[in-house]
Amino acid sequence: MSGKGIRIEGLRKRYGTGDTAVDALKEVNMVVAPGEVVGLIGPSGSGKSTLLKCLGAVIEPSAGKMILGDETIYDEQWKVKDIRALRRDKIGFVFQAPYLIPFLDVTDNVALPPMLAGVANKQARSSALALLEALDVQHRAKAMPSQLSGGEQQRVAIARGLVNRPPVILADEPTAPLDSERALAVIKILNDMAKKFETAIIVVTHDEKIIPTFKRIYHIRDGVTYEEKGEGRPFDA
Ligand SMILES: Nc1ncnc2c1ncn2[C@@H]1O[C@H](COP(=O)(O)OP(=O)(O)OP(=O)(O)O)[C@@H](O)[C@H]1O
Ligand SMILES: [Mg+2]
């Protein structure tokens, strides 16, 4: 399916039932082209994480449609047989708090996804090192996660999300702990990745430093999405 982007139509998600039910997503419509990085912005509780979890097949939506590439993954019900394989092979996650594996060094944390996908260890480690270099943490390649600063951990987690070159990347506040220069470097890497590998990328953020870099932004309020054209300043060709 590589390089066909993301399409979401009329997506809904209700948590729970009866009196305590919460309609976290009421009407979500989004299109992300291959090679595109879009921003997703909304207040706390508006449904951003819920949307990323549905799209990442971590939780099941209640209604609507999700298409990744030319594959409909959800249409009122799951349409894929192997949801774990979908998550592993098609979707790169970059989460808010970097969940690194404490007993693996930095290189092996990043090399793990390709190793799990069957790539030879040596090759997986060399892909890992290339990304660590791109994210300017190669000097910490042999360190353990507990020895890293918050910003370094975040960059390692980003490297891990990108290493398998998934066609879809979902990032939840990827630049929150980073200074301006590093935050923009991360966004540049995401844009370069998107262009080079036709990746479709959604970045959830509140980060004022990176918002001007998006050419298109979706706003979400009370579980409903609205599209806005962004400025796309720093990375316009
Ligand atoms: N597992 C759950 N069970 C019930 N309600 C939930 C669950 N997860 C989230 N919600 C509710 O769904 C709504 C959307 O939550 P979500 O976490 O998607 O918001 P968010 O936009 O990511 O917020 P934040 O910016 O604070 O991370 C909120 O009202 C939240 O309380
Ligand atoms: Mg959230």
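Met193 counts as buried, because its relative accessibility is 5% and buried means under 20% relative accessible area, with exposed being over 50% and partly exposed in between (1.4 Å probe, protein chains only). Met193 is found in helix α6; helices here are DSSP runs (H or I, at least four residues), strands are runs of E with at least two residues, and both are numbered from the N terminus. Leaving aside its neighbours within four places in sequence, Met193 is in contact with Leu162, Arg165, Ile169, Glu198 and Thr199, where contact means heavy atoms within 4.5 Å. Glu36 is 157 residues away from Met193 along the chain, yet their C-alpha atoms are separated by 9.6 Å.

A word on how to read these values. This is a predicted model in which local features need pLDDT of at least 70 and side-chain atom pairs count only at pLDDT 80 or more, while totals for chains, interfaces and linings use all residues. Residues are numbered from 1 along each chain as its sequence is written, chains are lettered from A and ligands numbered from 1 in the order in which they are written, and side-chain values use heavy atoms, leaving out hydrogens and water.

Now look at the loop between β7 (168–172) and α6 (180–197), where you will find Leu178. Leu178 counts as buried because its relative accessibility is 6%. Apart from neighbours within four places in sequence, Leu178 touches Gly151, Gln154, Arg155, Ala183, Val186 and Lys209.

You can find Ala57 in the loop between α1 and β4 (63–68), and it is buried, with a relative accessible area of 4%. Helix α1 (residues 48–55), which Ala57 follows, is mostly covered, with six of its eight residues buried. Those buried residues are Lys48, Thr50, Leu51, Leu52, Cys54 and Leu55.

Next, how do two helices meet? Two packed helices are described by the angle between their axes and the distance between the axes. The axes of α3 (residues 106–116) and α5 (residues 150–162) come within 7 Å and cross at roughly 25°; axes are lines fitted to C-alpha atoms, for helices over the stretch in contact, and angles run from 0 to 180 degrees between N-to-C directions. The two helices are therefore roughly parallel to each other, as angles under 35 degrees count as roughly parallel, over 145 as roughly antiparallel, 65 to 115 as roughly perpendicular and the rest as oblique. Val106, Asn109, Val110 and Pro113 of α3 make the contact with Val156, Ala159 and Arg160 of α5.

Finally, the structure holds one aromatic pair. The rings of Tyr74 and Trp78 have centres 5.4 Å apart and planes at 80°, so the pair is edge-to-face. For rings of Phe, Tyr and Trp (its six-membered ring), a pair needs centres within 6.5 Å; planes under 30 degrees apart count as stacked, over 60 as edge-to-face and the rest as tilted. Tyr74 counts as buried, at 1% relative accessibility.
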